[in-house]
Amino acid sequence: GGGSAGTAGTLALLLGEGSKRLPQAIIIGVKKGGTRALLEFLRVHPDVRAVGAEPHFFDRNYERGLAWYRDLMPRTLEGQITMEKTPSYFVTKEAPARISSMAKGTKLIVVVRDPVTRAISDYTQTLSKKPDIPTFESLTFKNRTTGLIDTSWSAIQIGIYAKHLENWLLHFPMGQILFVSGERMISDPAGELGRVQDFLGLKRIITDKHFYFNKTKGFPCLKKAEGSSKPHCLGKTKGRTHPDIDQEVVQRLRDFYRPFNMKFYQMTGQDFGWD
């Protein structure tokens, strides 16, 4: 039967019982949207078991086969959900067909965030690894004088959500995809988590009792992380300070993304309030 694992269940897991199952739900995107936060928040739920690292199966490791993939999964008991997250799936051409051929009924979660701040966050992450890359401004434009934006730069490409979504809708019905607002995950984590638990068919166990707002970090943290009694904030690579970007460039990007955002709001029936 379903329901929480309970004591017998915990014992079964300690004894190495339970079995590895292919994920019934996958967080497929987007990079720098808040996917790590969502996964860590969800792991508080007793009926969610998730892979910690990003498997990158449907984009980089597909040749290794489903048995390899399944072996990466944690053991679960009856009624528990197996999950993984790899944010690059959302922009991978082959991923929708591949996931669909694994299991047509797989539930998909996409954490989205204002494409402009997402792009700056993406750049900030790269900058922390390669301090000598060109400026954000120079990477944004094909030609600064004409103001032509370089849509081939991945930091910009990823944020054209409507375009990527069309690819997924060829293989999945809209009802099987949940769009989570990265902004609301910061302003109202319990509210967004409520939507996610409903979508996954889980009891609403994660509530505002689980969160406190960390003013230094600028985002919510867990009062108790999974399997621990200590409070837990995301690591130091999360919530990095963004470099100051020329306001004119930011405005130019806002104008560039606006029509795509509008299309995305129409497709999803949700206004994310980015404009």
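What volume does the largest pocket have? The largest pocket has a volume of about 800 Å³, where a pocket is an open set of points on a 1 Å grid over the protein atoms alone at which a 1.4 Å probe fits, with protein on both sides within 12 Å along at least five of seven lines. Grid points are joined across faces, edges and corners, and the volume is the space filled by probe spheres set on those points.

## Basis of the description

The structure is a predicted model, in which local features need pLDDT of at least 70 and side-chain atom pairs count only at pLDDT 80 or more, while totals for chains, interfaces and linings use all residues. Residues are numbered from 1 along each chain as its sequence is written, and side-chain values use heavy atoms, with hydrogens and water left out.

## The largest pocket and the annotated site

The largest pocket is lined by 37 residues, of which Lys32, Gly33, Gly34, Arg113 and Lys238 are the closest to its centre; a lining residue has an atom within 4 Å of a grid point. Two or more residues of this lining come from each of helix 2 (35-42), helix 5 (115-129), helix 9 (182-187) and strand 11 (219-222), the elements being DSSP runs numbered from the N terminus, with helices (H or I) of at least four residues and strands (E) of at least two. By residue class, the lining comprises 11 nonpolar, 15 polar and 11 charged residues, with Ala, Val, Leu, Ile, Met, Phe, Trp, Tyr, Cys and Pro taken as nonpolar, Asp, Glu, Lys and Arg as charged, and the others, Gly among them, as polar.

An unreviewed UniProt entry lists Lys32, Gly33, Gly34, Thr35, Arg36, Arg113, Ser121, Lys238, Gly239, Arg240, Thr241 and His242 under "binding site"; such annotations may be inferred rather than shown by experiment. From this set, the lining of the largest pocket takes in Lys32, Gly33, Gly34, Thr35, Arg36, Arg113, Ser121, Lys238, Gly239, Arg240 and His242. The UniProt record, again an unreviewed entry, also gives residues 23-258 as "domain: Sulfotransferase", a span that is 36% helix and 17% strand and whose end C-alpha atoms lie 34 Å apart.

## The loop between strand 11 and helix 11

Lys238 is placed in the loop between strand 11 and helix 11 (247-268), and Gly239 is found in that loop as well. Lys238 is partly exposed, with a relative accessible area of 26%, on a scale where buried means under 20%, exposed over 50% and partly exposed in between (1.4 Å probe, protein chains only). Not counting residues up to four places away in sequence, Lys238 touches Lys32, Arg36, Lys217 and Phe219, contact being defined by heavy atoms within 4.5 Å.

Ser229 is also found in the loop between strand 11 and helix 11, but Ser229 is exposed, with a relative accessible area of 60%, and, leaving aside neighbours within four places in sequence, is in contact with Lys223 and Lys224. In helix 5, Thr124 is buried at a relative accessible area of 6% and, with residues up to four places away in sequence not counted, touches Arg240, Thr241, His242 and Pro243.

Ile27 stands opposite Lys85 in strand 5, and its bridge partner in strand 6 is Ile109.

The peptide bond from Gly29 to Val30 is cis, with omega near -10°, and Val30 has its place in the loop between strand 2 and helix 2. Lys32, which lies in the loop between strand 2 and helix 2, has a positive phi of about 65° although it is not a glycine, and Lys32 is buried, with a relative accessible area of 14%.

Eight of the 11 residues of helix 10 (residues 189-199) are buried, so the helix is largely enclosed by the rest of the structure. The cover over these buried residues includes helix 2, strand 6, strand 9 (177-181), helix 9, strand 10 (211-214) and strand 11. Just after helix 10, Gly201 takes a positive phi of about 70°.

Strand 10 and strand 11 pair in the antiparallel sense over four bridges, with Leu222 in strand 11 as the bridge partner of Phe211. The two strands form a hairpin with four residues between them, and Gly218 in the turn has a positive phi of about 85°.

Technical notes: Pairing = 2+ DSSP bridges.
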